[in-house]
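This report describes the architecture of one protein chain, part by part.

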Amino acid sequence: ALTLGGEGAVLYRAGEVIARMPVFSVPVIDTTGAGDTFCGALVLALAEGREPGEALRFASAAGALAVTKEGAQPSLPTREEVEAFLKSQG
């Protein structure tokens with residue numbers, strides 16, 4: 001996976017793009033921990049057997065939520081927060 005900041009994220013397998021995700025528009029407070037949040041959420045979603053595009057969307061949402069709060073640990077969203085955010089995005 002490759003995060004592209006304001007450009008979104010891309011997921012690769014064997015050098016081929018298998019999923020793309022545009023950025024979620026959220027107010028940015030602090031980017032500390034957003035990459036770690038994204039990676040952890042991506043691994044979780046893939047380990048749960050989600051399809052690559054769905055896993056990338058879940059991870060992108062988690063990363064987006066992480067930048068809306070200050071600090072690394074306090075900004076980590078819960079699964080419920082990520083799911084509610086995704087539902088609100090359609």
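In this predicted model, Thr3 stands opposite Ala9, a residue of strand S2. The two strands concerned, S1 and S2, run antiparallel and are joined by two bridges. Ala9 also stands opposite Met21, which belongs to strand S3.

The strands are connected by hairpins. In the hairpin of S1 and S2, five residues lie between the strands, and Gly5 takes a positive phi near 60°. In the hairpin of S2 and S3, two residues lie between the strands, and Ala14 takes a positive phi near 50°.

Leu4 is found in the loop between S1 (2–3) and S2 (9–13). Is Leu4 buried, partly exposed or exposed? Its relative accessible area is 32%, so Leu4 is partly exposed. Together with Leu2, Tyr12 and Val17, Leu4 forms a nonpolar patch on the surface, and the accessible area of these residues together is about 310 Å².

**The helices**

Thr37 lies in helix H1, which spans residues 34–47. Thr37 counts as buried because its relative accessibility is 7%, and the cut-off for a buried residue is under 20%. Leaving aside neighbours within four places in sequence, Thr37 is in contact with Ala62, Gly63, Ala66, Leu76 and Pro77.

Ala59 has its place in helix H2. With a relative accessibility of 0%, Ala59 also counts as buried. If residues up to four places away in sequence are not counted, Ala59 touches Phe38, Ala41 and Leu42. The C-alpha atoms of Ala59 and Val43 are separated by 8.4 Å, although these residues are 16 places apart along the chain.

Which residues of helix H3 are buried? In H3 (residues 79–89) they are Val82, Phe85 and Leu86. These residues cover an arc of only 100° around the axis, and therefore they lie on the same side of H3. The buried residues of H3 pack against helix H2 (52–66). On the other side of H3, Glu80, Lys87 and Ser88 are exposed. After H3 comes Gly90, whose phi is positive, near 85°.

**The salt bridges**

Side chains of opposite charge can pair when their charged atoms come close. How many salt bridges does the model contain? The count comes to five.

| Side chains | N to O distance |
|---|---|
| Arg50 and Glu48 | 3.5 Å |
| Arg50 and Glu83 | 2.9 Å |
| Lys69 and Glu81 | 3.8 Å |

Arg50 forms a salt bridge with Glu83, the closest N and O atoms being 2.9 Å apart. This pair links distant parts of the chain: Arg50 is in the loop between H1 and H2, Glu83 is in helix H3, and 33 residues separate them. Arg50 counts as buried because its relative accessibility is 16%. Glu83, at 31% relative accessibility, counts as partly exposed.

Arg50 also meets Glu48 in a salt bridge. Glu48 counts as partly exposed, at 40% relative accessibility. These residues belong to a network of salt bridges in which Glu48, Arg50, Glu54, Arg79 and Glu83 are linked.

The side chains of Lys69 and Glu81 meet in a further salt bridge, at 3.8 Å from N to O. This pair, too, links distant parts of the chain: Lys69 is in the loop between H2 and H3, Glu81 is in helix H3, and they are twelve residues apart. Lys69 is partly exposed, with a relative accessible area of 35%. Glu81 is likewise partly exposed, with a relative accessible area of 33%.

Conventions:
Residues are numbered from 1 along each chain as its sequence is written. This is a predicted model: local features need pLDDT of at least 70, side-chain atom pairs count only at pLDDT 80 or more; totals for chains, interfaces and linings use all residues. Side-chain values use heavy atoms; hydrogens and water are left out. Buried means under 20% relative accessible area, exposed over 50%, partly exposed in between (1.4 Å probe, protein chains only). Helices (H or I, at least four residues) and strands (E, at least two) are DSSP runs, numbered from the N terminus. The arc is that of the directions from the helix axis to the C-beta atoms. Contact means heavy atoms within 4.5 Å. Patches are made of residues with over 30% relative accessible area and no salt bridge: like charges are joined within 9 Å, nonpolar side chains (Val, Leu, Ile, Met, Phe, Trp, Tyr) within 5 Å. Accessible areas come from the Shrake-Rupley method with a 1.4 Å probe; for residues, only the protein chains shown count as cover. A salt bridge is a side-chain nitrogen of Lys or Arg within 4 Å of a carboxyl oxygen of Asp or Glu. Two strands pair if DSSP finds at least two bridges between them.
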